[in-house]
Amino acid sequence: MALTENPLLPAANRDGGLEQEWAGNDQQWWDWYVTLAANTATTPLVDGPGLPDAAPATDDELSALLAEPYAVEPAALQRFRAESFVKLPGVLTPGVVRRLAERLEELLVAEHGTDTAGRFTALEQMWLGDDVMRAVALSPRLGGIAAALLEADVRIYHDNALSKEPGCGRTPWHHDAEHFPLATLAAVTAWMPVSAIPREMGPLSFARGADLRPLLDGLSFDRVGTSYDEAVSARFAAAAVEVQDGPYAVGEVSFHSAACFHTAGRNGTTQPRRALATTYFADGARVVDAPTLISGTWQEFLPGAVPGGPAATTLNPVVGQLSP
Ligand SMILES: O=C(O)CCC(=O)C(=O)O
């Protein structure tokens, strides 16, 4: 039977539809959001892969790598166009990944403490207060890849840390255009694991296809239960859509477009599944006319921007250029 209420939906959002502002904070958004995923697995947790077996990069080494261009091969660009995502090897070195993992651990503990068992804990806009995270968010290497994939100069929308603690369940199926209050599909998210991510840890997983939205015609988002997640799964299965749910090697980074449907499995390991995610959008984009509940705390990422107006605030500098 369909649920009629969800205790993690802020009281101010319990009546009405999606056409309202999210009334909670960003962490409350994630705590609610993962309840919208169907879960069946309860297998015992297995050991995680650990952190990369490399000395952490110094901050100078980290900044130098993140400033270095990365050549996006024509075949990778073709895959991105055809499938709406691409996984690129060796974007980060093991030492840089190790440094990011260690810094992220400090930031997460400072914000959320250590009593986080089974949760999905998040941080946003880390770049505003932390030098290491600023080097990631404003990285010419990562911004350059985003620009090459979107074939446009790109602005940053926000940065993110996404930590699935051991045993935390799936991330619901979605595509980011549902969430971002941006009136464009020309947006892309770099998802950067801070360890290897084997299958049992719940890697980000992608439905292959340039634009699968027509398969979901008539489906409405379920803000209290798991029916949307289940229906997306069922429609993809019925249409034999292929899902790429493979592991990530250390240093591999995926880029998925706002049109790409994606999900992530349960973290079935004893190690937190952690990734940094930075979202970029093509310069010139505008804010949609009516941001919704599932746009979360978007005003923090576009302060002062108004519905229908340009998406180009002081917190959205151009960080990647098509022809630098
Ligand atoms: O990390 C996750 O499980 C979800 C992340 C995601 O959906 C995204 O970065 O677009």
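1. A cavity here is a set of grid points, taken over the protein atoms alone, where a 1.4 Å probe fits but cannot get out. A molecule sits in a cavity if more than half of its atoms lie within 2 Å of the cavity's grid points. The model is predicted. On these terms, the ligand sits in the largest cavity.

2. How many cavities of 30 Å³ or more does the structure hold? There are three. The largest cavity contains about 390 Å³ of space. Its lining is made up of 29 residues, and Trp30, Asn160, His174, Asp176 and Phe180 are the closest to its centre.

3. By class, the lining residues divide into 13 nonpolar, 12 polar and four charged.

4. Now the ligand. Its surroundings are Phe120, Leu162, Thr171, His174, Asp176, Thr189, Trp191, Leu204, His256, His262, Ala264 and Arg273. This shell splits into five nonpolar, five polar and two charged residues. Strand 4 (171-175), strand 5 (187-193) and strand 9 (261-264) each contribute at least two shell residues.

5. For His174, a side-chain N or O atom is 3.0 Å from a ligand oxygen. For Asp176, the corresponding distance is 3.3 Å. The protein covers 95% of the 290 Å² of accessible area that the ligand has on its own.

6. Two residues deserve a second look. His174 and Asp176 are among the residues closest to the centre of the largest cavity. Both also belong to the shell around the ligand.

Definitions and conventions:
Residues numbered from 1 in each chain as written. Predicted model: local features only at pLDDT ≥ 70, side-chain atom pairs only at ≥ 80, totals over all residues. Heavy atoms only, no water. Near = heavy atom within 4 Å. Polar contact = N/O pair within 3.5 Å; in protein donor to acceptor, adjacent residues only side chain to side chain. Areas by Shrake-Rupley, 256 points an atom, 1.4 Å probe, with all protein chains shown as cover. 1 Å grid on protein atoms, 1.4 Å probe; cavity = no way out; pocket = protein on both sides within 12 Å on 5 of 7 lines; lining within 4 Å. Helix = DSSP H or I, 4+ residues; strand = E, 2+ residues; numbered from the N terminus. Nonpolar A, V, L, I, M, F, W, Y, C, P; charged D, E, K, R; others polar. Points joined across faces, edges and corners; volume = space filled by probe spheres on them.
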